[in-house]
Protein chains: 2
Amino acid sequence: MDFKQHYLSCKSLVDERLRAVVGPREPSSLYEPTQYILSGGGKRIRAVLVMLAAEAVGGTGIGALAAGVGIEMLHNFTLVHDDIMDRAATRRGRQTVHTRWDEGTAILVGDVMIGLAQSTLLENPPKRCVEVVRAFTHGIIDVCEGQALDREFETRNDVTIDDYLHMIAMKTGRLVETAAEVGGLVGDGTPEQIDGLRAYARHIGQAFQIQDDLLDITADEAELGKRIGGDIIEGKKTYLLVRALEQTTDGDDRRMLDQMLAKKGLAEEMIPVMRDFYDRRGILDSARRDVRLYIERAEADLQVLPETKAREMLIWFAQMIMSRKG
Amino acid sequence: MDFKQHYLSCKSLVDERLRAVVGPREPSSLYEPTQYILSGGGKRIRAVLVMLAAEAVGGTGIGALAAGVGIEMLHNFTLVHDDIMDRAATRRGRQTVHTRWDEGTAILVGDVMIGLAQSTLLENPPKRCVEVVRAFTHGIIDVCEGQALDREFETRNDVTIDDYLHMIAMKTGRLVETAAEVGGLVGDGTPEQIDGLRAYARHIGQAFQIQDDLLDITADEAELGKRIGGDIIEGKKTYLLVRALEQTTDGDDRRMLDQMLAKKGLAEEMIPVMRDFYDRRGILDSARRDVRLYIERAEADLQVLPETKAREMLIWFAQMIMSRKG
């Protein structure tokens, strides 16, 4: 099995199906922007994971395609609504829905995508319907809770690393976990196998988010595709900042952090100073170590699955996700 | 069976369960406003209809309670998001969620209510799970389409009565129809019985909306609980206005209507003039006739159900819904 080739063929099935979900459908004020957001590209990680998880428990990827497309649409719903809340003007180099159309449209487009996601999921009703819909439903609830926590953190200065890891497990990791769970259910895995797949996905989600926070300050600007240090300018409570706050209790460094909290961000010229501080205090190294640790855990979580090519594929998939430079 | 008593006991079960759904749950930034909107009162028409529909096909009301509460929460999700889009500051005499908190909170609260609605629905997984979840899902999609159409109508001057009836069947009527359908499914009705229940609900929804448009100009201000003529001031495409536009092609009356369209509403002093125009042209009478017609159709739709007290209860229920003065 050529892993990359297998990933690309899964992804192309997903892209094709996503294009077909909406098609030329009325009212156009609702479905044109829905089509726009769904055609925005992306790695389709969640959809492909549903297919790979189904294969890893002995099912077929194609049998899990509709469920995967459903999860991918749910992910896109969160992007559209988060972009309104974050007042983001662009995403992946294109205007966001509320910028290109208006806020009311973006609210409705997100809402209808929840319905479309679920109707796609039910196209070929899975044998274990109640479990699949329940996983889907808890995914929606947890993602909303994660986003609410993230918003609470903006005005809280006592966020611990554990709080932070919980928040990203909900906000970023939850739909990846839901993808693994739904794939395991559609493939008719055992409870132990499904738990293993969920843990794998959760750990990948955490590794991914910590790496995202690292890349914001260590990546090459051209490869990242956006300005370095954006999180520092915005005063965002990243993994790095939360760790720094925990372990820096006094001195000049603490005063710099306090200033960042008070002013909700630092000026651009402070980016190299913060980078140097994170480096000197060993925070970059500890973040890199944690990324490796979570990936190792994710791989270990797969031990409960039968030793197949499909399981190896999941290990390759984790590395592929993490291999981005920007 | 004392019909009013039965309605009130169903409603009180619904209110109790709605209070329990959220309870003291974290994050509070998400669940306090959710609790607030769910405790805002209301007739709980959709939830009670789920219970009554289940009874009318031979099931029990209590067995359909969770599904009813789920539909009621879905209805509340639409209110929270519609209020953002309509920039409404108050609802039922209380501040709207986006006014009391902020828009981001209101978006998230609506989103999480979709998840909570469905998780309530699945508490005791219904035997006909796929059908119930599918009805629920199509309810979400259609309500969004109805709201999108309503927004399109704001800038369209060629809306026909058929367009209008289609829009309200989606926006206002759809969740009432979903309630009847889900109740029929949970009560394990036959396809014919469920079709009858859906038609009943759809016709009630249409009668209700036309009456709503009528009351805006004919009600007693104190009983309506808001200013008379709000729709005229806003230039809203109501049943009355759409009918008037269809049958008034020239003369002073047409010029008044064109002015209303061009300026997106008329000044307050024009309210009695418009009322007189609607009266003189027979539009009020034809609206009243249509309300009666839809209610008669709704009653006829129930003929396919067994002749029981539960069926009589549905007839009483339709009259109760329409008996409001404001």
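**Close-up views of helix packing and the chain interface**

**View 1. α4(A) passes α6(A) in a left-handed crossing.** The model shown is predicted. Helix α4 of chain A covers residues 65-85, helix α6 of chain A covers residues 103-121, and the two pack at an angle of about 165 degrees with their axes 8 Å apart. Angles over 145 degrees count as roughly antiparallel, so α4(A) and α6(A) are roughly antiparallel to each other. Residues that α4(A) gives to the contact include Gly70(A), Met73(A), Phe77(A) and Ile84(A). Among those from α6(A) are Glu103(A), Gly110(A), Met113(A) and Leu121(A). By class, this contact of α4(A) with α6(A) has 16 nonpolar, six polar and one charged residues.

**View 2. α4(B) and α7(B) pack with their axes 12 Å apart.** The angle between these helices is about 20 degrees, and α4(B) and α7(B) are therefore roughly parallel to each other. Their crossing is right-handed. On α4(B), the contact is made by Ala67(B), Leu74(B), Thr78(B) and Asp82(B). On α7(B), Val132(B), Gly139(B), Ile140(B), Val143(B) and Gln147(B) take part. The residues of this contact divide into five nonpolar, three polar and one charged.

**View 3. Chain B touches chain A through 33 residues of chain B and 33 residues of chain A.** On the side of chain B that touches chain A, the elements giving two or more residues are α2 (28-38), α4 (65-85), α6 (103-121) and α7 (129-154) of chain B. α7(B) gives the most, with 15 residues. By class, this side of chain B has 19 nonpolar, nine polar and five charged residues.

Terms used: Residues numbered from 1 in each chain as written. Chains lettered and ligands numbered in written order. Predicted model: local features only at pLDDT ≥ 70, side-chain atom pairs only at ≥ 80, totals over all residues. Contact = placed C-beta atoms within 7 Å. Helix = DSSP H or I, 4+ residues; strand = E, 2+ residues; numbered from the N terminus. Nonpolar A, V, L, I, M, F, W, Y, C, P; charged D, E, K, R; others polar. Axes fitted to C-alpha atoms, helices over the stretch in contact; angles between N-to-C directions. Parallel < 35°, antiparallel > 145°, perpendicular 65-115°, else oblique. Left-handed = near helix turned anticlockwise from the far one by under 90°.
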